[in-house]
Amino acid sequence: MTIQEAMRTRHTVRRYTNRKLPGEVLKQLHERVRKNNAEHGLAMSLVTENSDAFGPALRLFLAKGVRNYVILAGKEGPGLDERLGYCGADVMLFAQTLGLNSWWVGGTYRRRGLQKNAAPEAEKILGLLAVGYGATQGVPHKSKRPEDVASYRGEAPEWFSRGVEAVLLAPTALNRQAFALQGEGRRVSMRCDSGVFSGVDLGIGKYHFEMGAGRENFDWA
């Protein structure tokens, strides 16, 4: 499965089976997290066979079976939220290519549990990415129309349309999809206004656009 295929098949899954992640899958996930940390100056970490991220009530009613997750964290600094959104999206979709399901958790988690398991350099934690074998495959979220979030000066090339379609497949806070994309020639600008999650959502959206449009076809304005 390619990343592009993963964007279309990945849906939010909040309940998981007790099937353990195979050694080779864990190895690949750890390496993907390590690579993103090294390239983008982050402190994400993969935690396995651990339920500290959720309290008893959440484990019983909302996050059933979640025992593997990526802590989305880094050192305080400019652009951290966007970088975590971008790299978290990469790990999330990579997990889907490995046959796993995922859930991007921005608020309903036990902060103390994450802090206990985070990397030493994790000054700021923005949430977690649950991964594992889902009890279901989830369902598609409701999406806006491409024209609701994007415009192109002149006739939009195929790569721009593919990019916008990919953005609308991205998970966002409260499914607001508060994106605004504009294109002209090879130049594309993108904004997101979803409140406190704007930076993270922008990073997720930019990753999806790049994977849909093809990074070689355009330049960010």
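This report walks through the overall build of the protein, one of its strands, and its cysteines.

## About the model

This is a predicted model, in which local features need pLDDT of at least 70 and side-chain atom pairs count only at pLDDT 80 or more, while totals for chains, interfaces and linings use all residues. Residues are numbered from 1 along each chain as its sequence is written, and side-chain values use heavy atoms, with hydrogens and water left out.

## The whole protein

Let's start with the big picture. The protein has 8 helices and 8 strands (DSSP runs numbered from the N terminus, with H or I and at least four residues for helices, E and at least two for strands). Its radius of gyration is 17 Å, close to the 17 Å that the globule rule gives for 221 residues, so the protein is as compact as a globular protein of that length. Here the radius is taken over C-alpha atoms, and the rule is 2.2 Å times the number of residues to the power 0.38. Along its principal axes, the C-alpha trace spans about 55 × 35 × 30 Å.

Of the 221 residues, 50% count as buried (under 20% relative accessible area, with exposed over 50% and partly exposed in between, using a 1.4 Å probe and protein chains only). Contacts are heavy atoms within 4.5 Å; among those between residues at least 6 apart in sequence, 75% join residues at least 24 apart.

Now for a closer look at one strand. In a regular strand the side chains alternate between the two faces of the sheet.

S7 runs antiparallel to strand S6 (residues 179–184), joined by 6 bridges; strands pair if DSSP finds at least two bridges between them. Leucine 181 has methionine 190 in S7 as its bridge partner. The hairpin of S6 and S7 has 2 residues between the strands, and glycine 185 takes a positive phi near 60° there. S7 also runs parallel to strand S8 (residues 219–220), with 2 bridges, and arginine 187 stands opposite aspartate 219 in S8.

## The cysteines

How many disulfides does the structure hold? There are 0 disulfides, a disulfide being a pair of cysteine sulfur atoms within 2.5 Å. Cysteine 87 counts as buried because its relative accessibility is 0%, and cysteine 192 counts as buried at 13%.
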